[in-house]
Amino acid sequence: MKIVIARDHEDLSRTAADIVLGEMLHDRRVNMALTAGASPAGTYEIVTERLRRNPGAFSDVHFYNFDEVPLAGREHGLTLSALQEHLYGPGGVPEANIHPLTVANHASVARELHGNGGLDLMLIGLGADGHFCGNMPG
């Protein structure tokens with residue numbers, strides 16, 4: 001593991017975007033798990049712009065949810081909805097490359113991911129109260 005300390009949120013966003021985009025550029029299937037929230041918002045702005053400028057260039061990149069907070073009466077949970085709004089939709093990610101996680105499909109998603117080589121990259125945020133992803137204190 002390599003620890004990188006950023007000067008500020010802007011520096012963090014650029015550094016994380018470079019890491020995410022670097023992984024996305026492999027000439028093979030790439031499996032990523034990303035989260036929503038304030039921490040990666042700047043990263044997603046940078047990544048989205050690159051996706052827009054290069055439509056189809058990242059067609060081998062697949063996105064898996066690793067945490068999800070269900071929302072009553074809504075088709076998608078909090079994480080997937082936010083990623084759709086801030087990354088997948090604006091970046092033109094094909095629906096076939098987005099693999100949602102639900103209570104009903106968690107076992108099949110795990111098998112599918114394992115069968116496709118496992119995760120290449122996971123991006124999570126850490127909140128000021130110590131939470132990460134959907135793991136909220138209390």
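This is a predicted model: local features need pLDDT of at least 70, side-chain atom pairs count only at pLDDT 80 or more; totals for chains, interfaces and linings use all residues.

Residues are numbered from 1 along each chain as its sequence is written, and side-chain values use heavy atoms, with hydrogens and water left out.

**The sheet**

Now widen the selection to strand E1 (residues 30-34) and strand E2 (residues 61-64), which pair in the parallel sense over four bridges. Strands here are DSSP runs of E with at least two residues, helices are runs of H or I with at least four, and both are numbered from the N terminus. Two strands count as paired if DSSP finds at least two bridges between them.

Look for Leu 34 here: it stands opposite Leu 123 in E4.

In what order do the four strands of the open sheet come? The order is E3-E2-E1-E4, with parallel pairing. Strand E3 (98-99) and E4 are at the edges with a single partner strand each, so one side of each has no neighbour in the sheet.

Go back to E1 and show its side chains. Val 30, Met 32 and Leu 34 point one way, Asn 31 and Ala 33 the other way, and all are buried. Buried means under 20% relative accessible area, exposed means over 50%, and partly exposed is in between (1.4 Å probe, protein chains only). Five of the five residues of E1 are buried, so the strand is largely enclosed by the rest of the structure.

**Over the helix**

Next, trace E1, H2 and E2 together: they make a right-handed β-α-β unit. Right-handed means that, with the strands pointing away from you, the path from the first strand over the helix to the second runs clockwise.

While you're on helix H2 (residues 41-53), pick out Glu 49 and Arg 52, three residues apart, or about one turn of the helix. Their side chains meet in a salt bridge (3.7 Å, N to O). The term means a side-chain nitrogen of Lys or Arg within 4 Å of a carboxyl oxygen of Asp or Glu. Glu 49 is partly exposed at 33% relative accessible area, and Arg 52 is partly exposed at 49%.

How many salt bridges does the structure hold? There are six. For another, select Asp 11 and Arg 7, whose side chains meet at 3.8 Å, N to O. Asp 11 counts as buried, at 12% relative accessibility, whereas Arg 7 is exposed, at 67%.

Asp 11 also forms a salt bridge with Arg 14, with the closest N and O atoms 3.7 Å apart. These two are three residues apart in helix H1, so about one helical turn separates them.

**The largest pocket**

Finish at the largest pocket, which is lined by 17 residues; Leu 12, Ala 16, Ile 19, Leu 123 and Ile 124 lie nearest its centre. Helix H1 (9-24) and strand E4 (121-123) are the elements that give two or more residues to this lining. On a 1 Å grid over the protein atoms alone, a pocket is an open set of points where a 1.4 Å probe fits, with protein on both sides within 12 Å along at least five of seven lines, and lining residues have an atom within 4 Å of a point.
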